[in-house]
Amino acid sequence: MLEISHAVLREIRLSLKRPFQISSGIAHHRRILLVELKHPDGLVGWGECVAGETPHYSPETVDTAWLAVQRWIAPLVVGKRFDTPVAVSRALEHAVRGHPMARAAVEMASWDLAARIEQRSLAALLGGVRERVATGISLGLQETPAELAACAADAVTRGYRRVKVKIEPGRDIEYVAAARGAVGPSFQLSVDANAAYEPKDTELLRQLDQFDLTMIEQPLEQGDLLRHAELQRALATPICLDESITSIARAEDMIALGSGRIINIKPGRVGGFTAATGIHDLACRSGVDVWCGGMLETGVGRAHNVALSSLPHFTLPGDLSPSARYWERDIVRPEWTMVDGALTVPLDRVGSGVDVDLPFVDDITQRQEIVAP
Ligand code: OSB
Ligand code: MG
């Protein structure tokens, strides 16, 4: 029985080794909301909220998520018993409109806790089958095409299986040409615009077809499913949606409208694992490819992304870089390491497979609150 006695919320602060710039904003460090759900017997499930510091990627931020979890979401689960984490997801969906990132932090912690109660790995509980998951790198916007080419070449040398480069108007064709030159003609290369373009840019985006990209991620605004469908009809390159897909229903809309051919599933963006696995199953039935995106997570969120990526239809490499790419020191033991361009799914360990380094987390905690019944 999934019984939750109380929840602990923490906001931690971690510096990124290097700033990460996308079309809509830049991150030098992360302020991250961590959620602990406690079982009366002492077992703990961990969740990490993927909301950023400012609303440049999504409407939610770490501050709105803190408010939503502390005031409305955690009170829906503390002092309660649930049959399954799916029931937790339903309870949150029933009572909270929007706030999918805040809901996901609690929902995913409940899956981790359920796996620990059942003494199974989170990956197995989710239906995972893969023992290793292929890793792609997401390269932020660079100052010059030559700098981007150097980063891309370095990523290939390190063994990454796919390189994704951020683009924006003014930093696109020339940059992608340089990246393609650096990785070679047959290497998996993709681009991510983070919604920086408009329908009037269709002719420009058509020029990207010459680079044989695996996909172009989120070219237009989050709500523009119809315009993405028109753009997809004009392009040979598959469109992948990220920001637009906030629920199973949005994924159904995308597929019905033909707004793209690939989905970037981030469990932390869609309300948690229940929706993420639902989107996975839908995509599998519909012939749409999926892969797991990243949000510069710590080792806690990365563990969740790795577990999800072990499901059978995650056929494309995910944005799942090892800990050392982001942090001087990650908050979990063991840290995530990459071998031959892949991370190992901890199928032989209980729960998400990592232990949180609590003394270190305490050192970097900016605020903490207990939510009890
Ligand atoms: O669009 O996928 C994105 C990071 C922050 C916000 C949005 C995105 C990203 C990434 C990073 O691409 C991927 C990673 O975690 O390595
Ligand atoms: Mg993206």
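A polar contact is a pair of N or O atoms within 3.5 Å; within protein, one atom must be able to donate a hydrogen and the other to accept it, and residues adjacent in sequence count only if both atoms are side-chain atoms. The model is predicted: local features need pLDDT of at least 70, side-chain atom pairs count only at pLDDT 80 or more, and totals for chains, interfaces and linings use all residues. Side-chain values use heavy atoms, without hydrogens and water, residues are numbered from 1 along each chain as its sequence is written, and chains are lettered from A and ligands numbered from 1 in the order in which they are written.

Asp242 places a polar side-chain atom 3.1 Å from an oxygen atom of ligand 1. For Asp192, the corresponding distance to an oxygen atom of the ligand is 2.9 Å, and an N or O atom in the side chain of Ser138 also lies 2.9 Å from a ligand oxygen. On its own, ligand 1 has 390 Å² of accessible area (Shrake-Rupley method, 1.4 Å probe), of which the protein covers 96%.

By class, the shell around ligand 1 comprises eight charged residues (Asp, Glu, Lys and Arg), five nonpolar ones (Ala, Val, Leu, Ile, Met, Phe, Trp, Tyr, Cys and Pro) and three polar ones (the others, Gly among them).
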